[in-house]
Amino acid sequence: MAKTQKPPAVEERTVEDRIEELRRRRAAARTPGGEGAAEKQHDKGKLTAHERLDILMDEGSFVETDSFAVHRAHDFGMADKRPPGDGVVTGYGTIDGRKVFVASQDFTVFGGSMGEVHAQKVCKVMDLALQTGAPFIQINDSGGARIQEGAASLAGYGYIFERNVRSSGVIPQISVIMGPCAGGAVYSPAITDFTFMVKETSHMFITGPEVIKSVTGEDVTMEALGGAMTHATQSGVASFVGEDDEDVLMRVRYLLSFLPSNNLEDPPAYASTDDPERVTEALTHLIPDRAAEPYDMHEAIRYVVDDGEFLEVFPLWAANIVTGFARLDGRSVGVIANQPKVLAGTLDIDASEKASRFVRFCDAFNIPILTFVDVPGFLPGTTQEYNGIIRHGAKLLYAYAEATVPRMTVITRKAYGGAYLVMNSKHLRADVSFAWPTAEIAVMGADGAVNVVFRKEIEKAEDPAGRRAELITEYRDKFSTPYAAAERGFIDDVIEPAETRPRLIKALRMLSTKRESIPARKHGNIPL
């Protein structure tokens, strides 16, 4: 009888072996683009996906998810190229001790292109952010949809867009553009609340320079078409611009210090070192004696808020209106202010859109709104009328009237006509409205009003110029004075400029328990 041969012994893998394999895989996942990939990023003036998260997140707090995920495509040479992570680093951690979720695209892997698994990873952390009530930050550095995966890559964008919309007004969403972001990919940043860009290394556009040249004949560079400064000054796409990756990431951290984690929380409050009773005499001399002379509204804001600290949003776009975050008595407030230095502070299409979107963000996230008013009207001209200033101006009116957060207004100088009504007037249910003695609240300026009402009388006068001057003075004393509005309750008080800060802080404390009910409805129909 033949002897049975003993099967060869199976080599058992020890726990130590398995742990060592895990460590090797983790190390490979940290540099999925292979040797030299990080250096190529650095040569372009950019950091790697992981390096960006090291700066953005609190030290040691980041927990990566799906680091071993790989694509499932097998066509067009993809079968043998399956780097871990599939071109995006996702996970969660803390910023200043507060939970956030992040997705950082890795340009060293397939140019950061969006594939099916790539999108699934992003969607997973977006879902977690919404479910746990934490901000979501997307760092974009991608060549666009992954061509080799066809419709699946396009579907990935759609899944992300849907989550952007579902999360809007529920959790803060921030886009950080740190490389290319083109085609359909740009719509996710367009939906999010704030977009950061880096000078010279980040670009956004629907169609690139080559396509534009072939279709329209226009010859334009990537920087001129979709660079950071273009979107910060011309299109109004970039909320903030930084000098380099590190600068932008630190700005993101700073912005989050003003925001709540979700719509059910109040913004973080800090013990203020600035005296709430501080009186600022410099405000007394801020308004020029001549009504036509400009001044910088930034000064008024900084004199009033805690420690003069003001984070301006869209500082380079639609500069005739100022928007940004500050603190009063340690509490976050959203500030909107006309800027007399630019277009005399008039409201135009861009200013109306800029301010209305900011008002709606503040209202969604329980941030009180402080408005400084010096507005002579809407910008006149056929360009504005033909492009829909009526519709766009109505957006700002709608946004203010819809807002239920505490709303305070300070009228510093001109408040004329429909523009006065739009800028958080008492007639739109502003909670507190103050005016400085320099305020002029009227249908129009004295010069224009006299020309309309008393034109014939002036023409018949023996001294037309003298009579006109008399009528202007009379009109200002009778109609433009803030006391006329105060008599009718259209403003709550006329205050000395120097006492603006303590009066606003008292008002904010009073409004801290404000509750307002609104009619039941699915949603309103803002004039988009």
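This briefing covers aromatic contacts, charges over rings and one surface patch. The model is predicted, with local features needing pLDDT of at least 70, side-chain atom pairs counting only at pLDDT 80 or more, and totals for chains, interfaces and linings using all residues. Residues are numbered from 1 along each chain as its sequence is written, and side-chain values use heavy atoms, without hydrogens and water.

**Aromatic pairs**
- The whole structure holds 13 aromatic pairs (Phe, Tyr and six-membered Trp rings with centres within 6.5 Å; planes under 30 degrees apart are stacked, over 60 edge-to-face, the rest tilted).
- Phe 194 and Phe 325 pair edge-to-face, at 6.0 Å between centres and 70 degrees between planes.
- Because Phe 194 lies in strand 7 (residues 194-198) and Phe 325 in strand 11 (residues 321-328), this pair ties together parts 131 residues apart in sequence.
- Phe 325 and Phe 361 are also edge-to-face, with centres 6.2 Å apart and planes at 75 degrees.
- Phe 361 belongs to helix 12 (residues 349-364), 36 residues from Phe 325.
- Phe 194 is buried at 4% relative accessible area and Phe 325 at 0% (buried is under 20%, exposed over 50%, partly exposed in between; 1.4 Å probe, protein chains only).
- Ring pairs join a cluster whose members include Phe 194, Phe 258, Phe 325 and Phe 361.

**Charges over rings**
- The charged end of Arg 327 sits over the ring of Phe 258, 4.1 Å from its centre (Lys NZ or Arg CZ within 6 Å of the centre and within 35 degrees of the ring normal).
- Lys 46 has its charged end over the Phe 107 ring, 4.3 Å from the centre.

**Met 444**
- Met 444 lies in the loop between strand 16 (440-442) and helix 16 (446-453).
- Its relative accessibility is 32%, so Met 444 counts as partly exposed.

How values were computed. Helices (H or I, at least four residues) and strands (E, at least two) are DSSP runs, numbered from the N terminus.
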